[in-house]
Amino acid sequence: MDVTIFKPLDNTKVYLYFLVDNFSRYIINWKASLKYSADITFENISEAYTRENFGDIPPYIDLITDDGSEDKGKVNEFVNADSSNIRKLIAQLDIIFSNSMIEAVNKRVKYDYLFTIDLANFEQTVKFLTWAIEQYNNKPHSALFGSTPAEVYGGKIPDKRMFADDIAEAAKQRKEHNLNQNCNNCIVK
């Protein structure tokens, strides 16, 4: 889970709250707001928790966060409740790893989508993100060997050999094509 900032043309700060599955890189839930608040992070988590039936996953779910104020307050109350099966881990404090997986998703959403279009304001940003997140979740991902985050989140196992035969065939055809080419600069006169 993480929060990143995007500035549309009117130079307002739009806080983007992403909740991402580390394995599939799937954006499970997201929020955009003009406020930086643990209340919004809580809404993001609790919506996903209910919709995705995370309470049914034994024994617990690891939620990796930074140590920011957006990850405290109601968020801590929610994850520390007796009925919760969430184990909150603070990157580089509770675990040696950084929160780089979600940072990569933040970067990809920004560079593949948000920075490619002039968005005037908060409202346009939210409308565009509704489309962009759907595109991101359904676009083949190199780290998933051509599978999409949605496919892997849905249970598909990434297969690094998925395109091996196609790649081998393309290499063979490329070699044959290159051997049959006449190079005008190579002809001896």
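**View 1. Helix α3 lies across the strands β1, β2 and β3.** This view comes from a predicted model. Helix α3 covers residues 100-112. The helix runs at about 25° to β1.

**View 2. Helix α4 also lies across β1, β2 and β3.** Helix α4 is made of residues 122-137. The angle between α4 and β3 is about 170°.

**View 3. Three strands form an open sheet.** The order of the strands is β1-β2-β3, and their pairing is antiparallel. Strands β1 (2-6) and β3 (27-33) are the edge strands, each with pairing on one side only. From one strand to the next, the twist averages 25°.

**View 4. Strands β2 and β3 are joined by six bridges.** Strand β2 spans residues 14-20 and runs antiparallel to β3. Leu19 has Asn29, in β3, as its bridge partner.

**View 5. The chain contains six helices and five strands.** Along the sequence, these elements follow the pattern β-β-β-α-β-α-β-α-α-α-α. Of the contacts between residues at least 6 apart in sequence, 54% join residues at least 24 apart.

**View 6. The C-alpha trace of the chain spans about 85 × 45 × 30 Å along its principal axes.** The radius of gyration of the chain is 22 Å, whereas a compact globule of 189 residues would have a value near 16 Å. Buried residues account for 40% of the 189 residues. The accessible surface of the chain is about 11700 Å², and carbon and sulfur atoms contribute 52% of this surface.

Technical notes. Residues are numbered from 1 along each chain as its sequence is written. This is a predicted model: local features need pLDDT of at least 70, side-chain atom pairs count only at pLDDT 80 or more; totals for chains, interfaces and linings use all residues. Side-chain values use heavy atoms; hydrogens and water are left out. Two strands pair if DSSP finds at least two bridges between them. Helices (H or I, at least four residues) and strands (E, at least two) are DSSP runs, numbered from the N terminus. Axes are lines fitted to C-alpha atoms, for helices over the stretch in contact, and angles run from 0 to 180 degrees between N-to-C directions. Contact means heavy atoms within 4.5 Å. The radius of gyration is taken over C-alpha atoms; the globule rule is 2.2 Å times the number of residues to the power 0.38. Buried means under 20% relative accessible area, exposed over 50%, partly exposed in between (1.4 Å probe, protein chains only). Accessible areas come from the Shrake-Rupley method with a 1.4 Å probe; for residues, only the protein chains shown count as cover.
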